[in-house]
There are 2 protein chains.
Amino acid sequence: MEQESSFLDRVLKIVKDESAAHIPLVQFKHPKELEVILHDDIDISEPVSDQDLEQSVRKVLHYSVKTNKSTFRNQLYGGTDPYGLAGAWIAEAFNTSQYTYEVAPVFTLIENKMLDHILKLFGFPDGDGIFSPGGSLSMLYALVAARYKAFPEVKAKGIRNLPEMVIYSSEGSHYSIMKAAHWLGFGTESVRRIKCNQCGQMLTDELEKAMTEDLSNNKVPIMVNGTAGTTVLGAIDNLEEVARICSKYNVWMHVDACWGGSLILSQKYRMKLKGIEQANSISWNPHKMAGAPLQCSLFLLKEKGLLHEANAAAAQYLFQQDKFYDVRYDTGDKSIQCGRKIDAFKLWMIWKARGDIGLNHMTDHVMELAEFCMETVAQKVGFRLVSAPLQCPNVCFWYIPTFMRHQKEDVKWWDLMHKITPKIKEILMTSSRLMVAYSPLRDHKNFFRLAFTFHPRLDEKEIIDMLQAIEDCGEMLSLDIL
Amino acid sequence: MEQESSFLDRVLKIVKDESAAHIPLVQFKHPKELEVILHDDIDISEPVSDQDLEQSVRKVLHYSVKTNKSTFRNQLYGGTDPYGLAGAWIAEAFNTSQYTYEVAPVFTLIENKMLDHILKLFGFPDGDGIFSPGGSLSMLYALVAARYKAFPEVKAKGIRNLPEMVIYSSEGSHYSIMKAAHWLGFGTESVRRIKCNQCGQMLTDELEKAMTEDLSNNKVPIMVNGTAGTTVLGAIDNLEEVARICSKYNVWMHVDACWGGSLILSQKYRMKLKGIEQANSISWNPHKMAGAPLQCSLFLLKEKGLLHEANAAAAQYLFQQDKFYDVRYDTGDKSIQCGRKIDAFKLWMIWKARGDIGLNHMTDHVMELAEFCMETVAQKVGFRLVSAPLQCPNVCFWYIPTFMRHQKEDVKWWDLMHKITPKIKEILMTSSRLMVAYSPLRDHKNFFRLAFTFHPRLDEKEIIDMLQAIEDCGEMLSLDIL
């Protein structure tokens, strides 16, 4: 045991060494290569000494991506807030499940505090909520709540004898709506993917048209999933207009604010979310822009009590009603999970250290940087924006290498551009200069997405360097290597 | 930033101080009291200095339950494996999502390695699987897979036009089956709760009877959920008999081995799981008995490919098919989650350090201790076993205080016993001597459950002390304080 717990002492050093400033972002190896390189390290057939374990762990980390680098721009998450990481470490060390007050007394109060504070921020002062293991789970919570509100008998009877239900979500919204529609028994065909404008916002006229058509066919609109921050363009739907339609037809309004919800932290930028306070439910992932360690997702509802009512199973062995304390503090039966990590604690650590004021500044900084990036891209030779103006801190663009410029941009040209973007990404990544996302979207061929997060804190110089890296690698290309 | 990351250095010291040997298991305060005591500490209205943050964190931990103590026997999890904790800390520091090879190259290989190794252990050499955020989610995965296998059209079309489906699960099985039936649109009434014998095992005659009855009513049995280790009694269903019935009627067999699955680690005790290799799917939570930090749950399937086929949504922005590496290593589209923690890594750390051989010994030790506990309880005056022989390391019993002995055990007497058990628990907990689970079960009034886990490693003396604590606190009771 002496030996065992001493390994924990090594961890801080290993982590510091392997994430030091001089360590490259990524040392890319193809899967089959990496399997060979790490064969003995990954092997678990025989127990190893602490020394050997440390060596293997160091090799594992050597070939892992350093998501805390400023050049990790591959996803909508990145470096963690150091206070959040401290919270995560403490949470892991105290290994606590969130279901009952008796095992998690303080963490229960902390979850309540975080929910209260965040519900008020979003304009749900009398609301309710829960931390869930990610935005896709929060989406499931939303659809379950919407369905239960409309047809409480669904809990016991299922959906077989209910009218046909339909769900509305923009074509730019996150794919979790499709997985949720499958899992919950609606089927993916029950999702109406509403077209977007060029900025990626749901066309609300199309939404209303689809809804009235469904209603005239005796289908029941069960939920509209508005998006505040689409994955690729960072688009924010016109939430006031979505709210008007939902209110008119008495349909549950959910806002997937997993990405864009962090704008609520900024006095200046929260107006972009206007209308969100009219929603019935909201999901927000502080593990994205705000840098809480994975996983930290909130599902929030305007109506108190519904979450418990919809989800409770009243397990006798866990949620006994004859406990010696006030069992209303046992919050776990609101959850689809039984054991549930204390994800609220790491967010509390961040908030306690930084306050509303610190988070406000961080949000403003990220948005200002993204503005700077967008302006720079707009002016820079060879770069072309996909969409403007800025909504969330996503900047999407093509880089057009010199040999591609001043040509007719016909189908063949765009097909080539479609191949150029991933090729530039490959060079950027294999040279460890930058990991950047790319995607096609509707009729747009593959383009880059640079998205910005609170951590690590970037400056304008770093953004210029990233764009320069894209240009440098783009200029390495020629027709014959494509 | 200097200041920020230095907070991480304090964490190890805080964690060590607050989980030192002399620190009590719990300093219980009622919710309203605790809200007052910690009011300023939990408050997040203004940012605080690192010093103040540290003080507040220490107070939070002071009033938190120390789940790593041997006297924490309140749940089916407890202390963590130090190597697992080291893995969790590294995982948090490297903040990585498991969805694609490009962001998680080594962690992808490690997840593959762990799945391969564990699939073989359970007798699914060509199987597939995924790590999920807990047993309830794994249950959802199972039902989704079973339903998709029977009716692949469910993914697009939903379940409205499918025949009425029914699910079988014992009355002692985990409540997550009810939540899953609700969420997935079957409804809780679609679950047949099959009666159990006195040892808590599903009565398979009753299972077959229920199934033939449903079949004759044109209902479609979609899944049987066998249990290997029920939550309270630790009962293991007769899995061979469950398999025979599932095979006869061509029904998906799932085994919820979230608790008992750890017996697979022992050459001696794995025979208790006989028949599990005939299942179509299995769930196992190494975060329970085996001491992986929360959350670490596996969902395993015998059939390769099905998980991907059932769940894939082929998001263009994440699972691009034109990447420069072999995209078969992008495993995330098998998942209901998008972002997904690298839970495999902490389990890998445990396995790498201990090997099959170490885990074998730990399992044997836990089972031997539980045997010792059961024998002691059986012989000890005032104690009475609820169920024997031992299946999983759960020992369930009543403590009958002296003033209750040698009386007629009529309804009134048992009603009193029903109150005595929670009252003893209250005294045990408020005096910080022991946190132990209690539960009623069917016609059994409230009784205790002592369940044993790998960490911390206990000895017989500690078990005797726990029973003594129960006796001591039980003897403090008298009729007038009930």
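In chain A, Phe107(A), Ile110(A), Glu111(A), Met114(A), His117(A), Ile118(A) and Leu121(A) of helix H6(A) are in contact with Ala344(A), Phe345(A), Leu347(A), Trp348(A), Trp351(A) and Asp356(A) of helix H13(A) (contact: heavy atoms within 4.5 Å; helices: DSSP runs of H or I, at least four residues, numbered from the N terminus). The model is predicted: local features need pLDDT of at least 70, and side-chain atom pairs count only at pLDDT 80 or more, while totals for chains, interfaces and linings use all residues. Residues are numbered from 1 along each chain, chains are lettered from A, and side-chain values use heavy atoms, without hydrogens and water.

The axes of H6(A) and H13(A) are 9 Å apart and meet at an angle of about 60° (axes: lines fitted to C-alpha atoms over the stretch in contact, angles from 0 to 180 degrees between N-to-C directions).

| Helix | Residues |
|---|---|
| H6(A) | 105–121 |
| H10(A) | 204–216 |
| H13(A) | 343–379 |
| H13(B) | 343–379 |

In chain B, H13(B) bends by about 90° at Gly355(B) (the angle between axes fitted to the seven residues ending there and the seven starting there). Of its 37 residues, 29 are buried, so H13(B) is largely enclosed by the rest of the structure (buried: under 20% relative accessible area, 1.4 Å probe, protein chains only).

Asp214(A) lies in H10(A) and is buried, with a relative accessible area of 5%. Leaving out residues up to four places away in sequence, Asp214(A) touches Val166(A), Tyr168(A), Arg192(A) and Lys219(A).

Key:
Helices (H or I, at least four residues) and strands (E, at least two) are DSSP runs, numbered from the N terminus. Buried means under 20% relative accessible area, exposed over 50%, partly exposed in between (1.4 Å probe, protein chains only). The expected span of a helix is 1.5 Å times one less than its number of residues.
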